[in-house]
Amino acid sequence: MTPLIRAESRRLLATRMWRGLLLAAVLLGGGLVGLMALVGPENFDPPLPGLDTEVGLRSVLGILGYTAFVPAAAGTLAVTSEYRHGTAAVTFLFAPRRGRVLAAKLATHAVVGLAYGIVLAGSAAVALFAVTAARGVPLGLPAPTVLALLARIGLAMTVYLLVGVGVGALLRNQVAALAVVVGYLYLGEPVLMMIPGVSALYPVLPGGATAALTDFTYLADAMSDQTGGDAVHLLPPAGGALLLTAYALVAAAVAVIVPMRRDVT
């Protein structure tokens, strides 16, 4: 495993993807949160409670959860690019045990995902505290609670990158894998939430697990109001993190078991 992880790390560092990913973390974390804090959620359309309230602060930070497609897409591209450019054949000839190769990819990209999450959460914290201090706006939550919430959001981004790796290893086709990852996050799950009865499954879907981990329940609450149903009871944060990780591991495991004979084709 050590040579495989070292080789995967060198391959990743030789590309420009990791630089672009960290730049995206700064733009989405510091840039997006800083802009929303500067404008003020009370000036949104429709308006939201201000940052001096718990609801408004959680809503602004929770919007970062909708950027999970970025690390997920990056994880997908990291794997599918090998099949697209034909380097996967060399990889599997060098290491014919597919399970070990995918385990090395998951281990390497877990570090990348963690770096992305730290940069995203850290830049968001700096921007939030700096802008609100400059505007003289008190935060609706204590600083340690805000930092803990941002840490959970960063952890969610880490897991989504691993989910992208698992989906990319399973589907292989770059366009199809990206369509599944991005399409599901932005279209598939909201549509499922509109189907009577199916919405009860939301807590165990990736979006529900993310909402549990990031404590952003806007979608669940909005759907409950529209349908007139009972409030959706999400998993605890630790349960959401474990469920998201399970999705990534299941996708990777299926990618090992199902197409094992097509490694070099």
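Q: Which way does α7 pass α8, in a left-handed or a right-handed crossing?
A: α7 passes α8 in a right-handed crossing (the near helix is turned clockwise from the far one by less than a right angle), the helices being DSSP runs of H or I with at least four residues, numbered from the N terminus.

Q: And which residues make that contact?
A: On the α7 side they are Y160, V167, G168 and L171, and on the α8 side A176, A177, V180, V181 and L185, where contact means heavy atoms within 4.5 Å.

Q: What kind of model am I looking at?
A: This is a predicted model, in which local features need pLDDT of at least 70 and side-chain atom pairs count only at pLDDT 80 or more, while totals for chains, interfaces and linings use all residues. Residues are numbered from 1 along each chain, and side-chain values use heavy atoms, without hydrogens or water.

Q: OK, switching topic: how many helices and strands are there in the chain?
A: The secondary structure of the protein chain comes to eleven helices and zero strands, so that reading along the sequence gives the pattern α-α-α-α-α-α-α-α-α-α-α.

Q: How much of the chain is buried?
A: Of the 265 residues in the protein chain, 44% are buried (under 20% relative accessible area, with a 1.4 Å probe and protein chains only).

Q: What share of the contacts joins residues at least 24 apart?
A: If you take the contacts in the protein chain between residues at least 6 apart in sequence, 78% of them join residues at least 24 apart.

Q: What does T76 touch, then?
A: Leaving out residues up to four places away in sequence, T76 touches G164, V165, G168, A177, L178 and V181. Of these, G168 is one of the α7 residues in the contact with α8, while A177 and V181 are among those that α8 contributes.

Q: And how far apart are T76 and G166?
A: In sequence T76 and G166 are 90 residues apart, whereas in space they are 7.5 Å apart, C-alpha to C-alpha.

Terms used: Helices (H or I, at least four residues) and strands (E, at least two) are DSSP runs, numbered from the N terminus. Buried means under 20% relative accessible area, exposed over 50%, partly exposed in between (1.4 Å probe, protein chains only).
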